[in-house]
Amino acid sequence: MRMAAVTALVCALLCGAAGHAESPAVSAAACERLSRSLSLPGTTVSLTQFVPAGSFVPPGGGTAAARASASLPSFCRVALRIAPSSDSDIRSEIWLPVAGWNGKFLQVGNGAWGGSIQYVALGDALRRGYAAASTDTGHTGTDASFAMGHPEKLIDFGYRSVHETAADGQAAAATLYGVRPRLSYFNGCSGGGRMSFMEAQRFPDDFDGIIAGAPGYNRTDVAFQTLGMAQATHVSPESFIPAGKYSALHQAALDKCDALDGLKDDLIADPTKCQFDPAALECKGGDGPGCLTGPQVVAARRIYAPVIDPKTGAQISSGLEPGSELQWGSVAGNEPHSMYNDLLRFVVMRDRNWDFRTLDASRQLELARKADNGVLSATSTELTPFVRRGGKLLIYHGWADQNIPPRESVNYYNGVVKTMGREKVDDAVRLFMVPGMGHCGGGDGPNEFDMLAVLEHWREDGKAPSEILASQVGGGHASRTRPLCPYPQIAKYRGAGSIDRAENFVCGDR
């Protein structure tokens with residue numbers, strides 16, 4: 001303990017107050033010794049391996065992971081098996097730079113039901129100089145069948161695997177470098193955004209800054225909206241909306257609401273102000289590719305509409321927003337969304353043959369919430385313990401998201417403001433809604449941005465983000481840039497200059 005304290009003091013003196021200097025290199029032998037020197041309660045160190053630059057081969061292959069690994073620097077790879085319960089088998093990996101460590105720790109999240117190490121994200125963190133960590137969330141595979149008859153594994157997936165990996169990852173870094181990371185961050189989108197919320201709410205001491213993209217924090221309630229969309233388009237063969245009609249529906253929404261912000265740019269800046277009725281596209285004569293039949297209008301209205309608890313009248317979930325139509329195939333196409341379908345099949349109904357067409361909130365909502373019991377949903381708006389220690393929470397969500405209703409992030413943010421007060425929230429929590437962006441990326445609007453750099457600047461330099469530069473990339477260059485604004489502000493055109501350049505916009509009131 002004394003040696004670690006001395007090492008930390010020396011680093012503080014040499015690295016400077018902000019700690020931006022890189023750490024000295026560690027040897028391959030020091031990496032190999034971790035298998036003996038690393039002592040983690042309830043955890044088995046299954047591998048410590050020095051990986052030379054450009055030589056990592058991701059298990060299971062995969063073109064994207066293989067391509068990304070080719071440019072990796074040398075690192076120390078640590079594989080762990082974590083068992084916080086007798087029925088736990090959490091696999092996690094910690095990647096530690098052997099040179100150029102920036103003194104910080106970054107853990108990356110998983111989408112959907114997890115089930116694998118995120119090698120591409122680990123590689124990106126490593127290139128930035130981070131000690132990095134990822135977990136398979138306690139199982140392998142992409143569905144939720146692991147949860148049937150295994151409540152401890154569901155807990156591991158729900159929140160425990162991330163927390164245990166954070167503790168072990170930070171300890172591994174401290175053992176190799178002789179000093180604990182000076183700052184720890186978490187970055188996740190979708191299911192990873194749900195993990196982000198879990199960490200901020202349940203384990204406020206784990207991370208100093210957290211990025212939550214498209215956070216699926218209320219997965220159980222949203223299942224009734226997402227499966228309800230598929231149910232709506234499968235009421236009868238006449239209700240089904242073929243993919244060929246999405247573009248016409250999307251254009252009709254743009255025609256109605258694109259110019260509401262004073263600028264016609266093929267983006268709906270604030271869909272909450274858009275009063276679009278798909279009946280505007282109803283066929284006047286026979287069916288055709290550019291119009292909707294009566295039953296299709298009914299189905300489309302249900303996709304946009306919130307889901308209401310038939311017993312209490314309370315809202316269960318928001319609907320999708322105008323502008324999301326081009327993405328409907330994955331949620332209202334031939335098959336229901338697999339993640340939500342698996343939730344009902346394996347966790348709630350415990351019947352792999354359960355049919356989404358039988359979804360009924362009046363009978364199944366209470367059952368679903370009981371099965372969840374806070375294991376999957378992270379809905380608390382009380383973030384005081386996280387904020388009190390200087391934590392920063394950066395949330396972003398695409399307005400055209402098809403998997404997670406965007407307005408759910410707005411509702412959560414407003415709930416945090418109501419719980420904690422505007423002053424505390426402005427200092428520690430920011431929400432950025434992204435016009436035209438789909439689920440965690442893609443879509444018609446500028447959708448590429450570096451949220452980690454923004455978080456670093458905020459947490460380390462004290463500069464709260466007043467706007468974030470986003471780019472739309474095509475053909476190897478940015479075809480459009482636009483500032484993302486902290487909610488409830490939106491980007492407003494200054495009235496002169498190209499509408500494809502961010503400098504011609506300013507963040508202002510909606």
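The legends below describe close-up views of a predicted model. Local features are taken at pLDDT of at least 70 and side-chain atom pairs at pLDDT 80 or more, while totals for chains, interfaces and linings use all residues. Residues are numbered from 1 along each chain as its sequence is written, and side-chain values use heavy atoms, with hydrogens and water left out.

View 1. Helix H11 spans residues 338–348; helices (H or I, at least four residues) and strands (E, at least two) are DSSP runs, numbered from the N terminus. Ten of the eleven residues of H11 are buried, so the helix is largely enclosed by the rest of the structure; buried means under 20% relative accessible area, exposed over 50% and partly exposed in between, with a 1.4 Å probe and protein chains only. The buried residues are Met 339, Tyr 340, Asn 341, Asp 342, Leu 343, Leu 344, Arg 345, Phe 346, Val 347 and Val 348. Their cover includes helix H5 (151–177), helix H7 (219–232) and helix H12 (361–372). Arg 350, which follows H11, has a positive phi near 55 degrees.

**View 2. The largest nonpolar core, and another core apart from it.** A nonpolar core is a set of buried Ala, Val, Leu, Ile, Met, Phe, Trp, Tyr and Cys residues joined through side-chain atoms within 4.5 Å. The largest one has 86 residues, and those with the most contacts inside it are Leu 96, Trp 113, Leu 383 and Leu 393. H5 supplies the largest share of this core, eleven residues. Apart from it lies another core, of 32 residues, which includes Val 108, Tyr 130, Val 454 and Ile 468. With neighbours within four places in sequence left aside, Leu 96 is in contact with residues including Leu 34, Phe 75, Leu 126, Ala 172 and Leu 176, where contact means heavy atoms within 4.5 Å.

**View 3. The packing of helix H7 with helix H9.** The axes of H7 and helix H9 (residues 294–304) come within 9 Å and cross at roughly 175 degrees; axes are lines fitted to C-alpha atoms, for helices over the stretch in contact, and angles run from 0 to 180 degrees between N-to-C directions. H7 is therefore roughly antiparallel to H9, given that angles under 35 degrees count as roughly parallel, over 145 as roughly antiparallel, 65 to 115 as roughly perpendicular and the rest as oblique. From H7 the contact involves Gln 225, Gly 228, Met 229, Gln 231 and Ala 232, and from H9 Ala 299, Arg 302 and Ile 303. These residues divide into four nonpolar, three polar and one charged, where Ala, Val, Leu, Ile, Met, Phe, Trp, Tyr, Cys and Pro count as nonpolar, Asp, Glu, Lys and Arg as charged, and the others, Gly among them, as polar.

**View 4. Lys 104 of strand S4.** Lys 104 lies in strand S4 and is buried, with a relative accessible area of 5%. The side chains of Lys 104 and Glu 456 are joined by a polar contact of 3.3 Å; such a contact is a pair of N or O atoms within 3.5 Å, of which, within protein, one must be able to donate a hydrogen and the other to accept it, and residues adjacent in sequence count only if both atoms are side-chain atoms. Beyond its neighbours within four places in sequence, Lys 104 is in contact with residues including Tyr 130, Pro 181, Tyr 185 and Glu 460.

View 5. Met 437 is found in the loop between strand S11 (429–434) and helix H16 (451–461) and, at 0% relative accessibility, counts as buried. Met 437 and Gly 323 are 114 residues apart in sequence, with a C-alpha to C-alpha separation of 9.2 Å in space. Cys 440, found in the loop between S11 and H16, has a positive phi near 65 degrees and, at 30% relative accessibility, counts as partly exposed.
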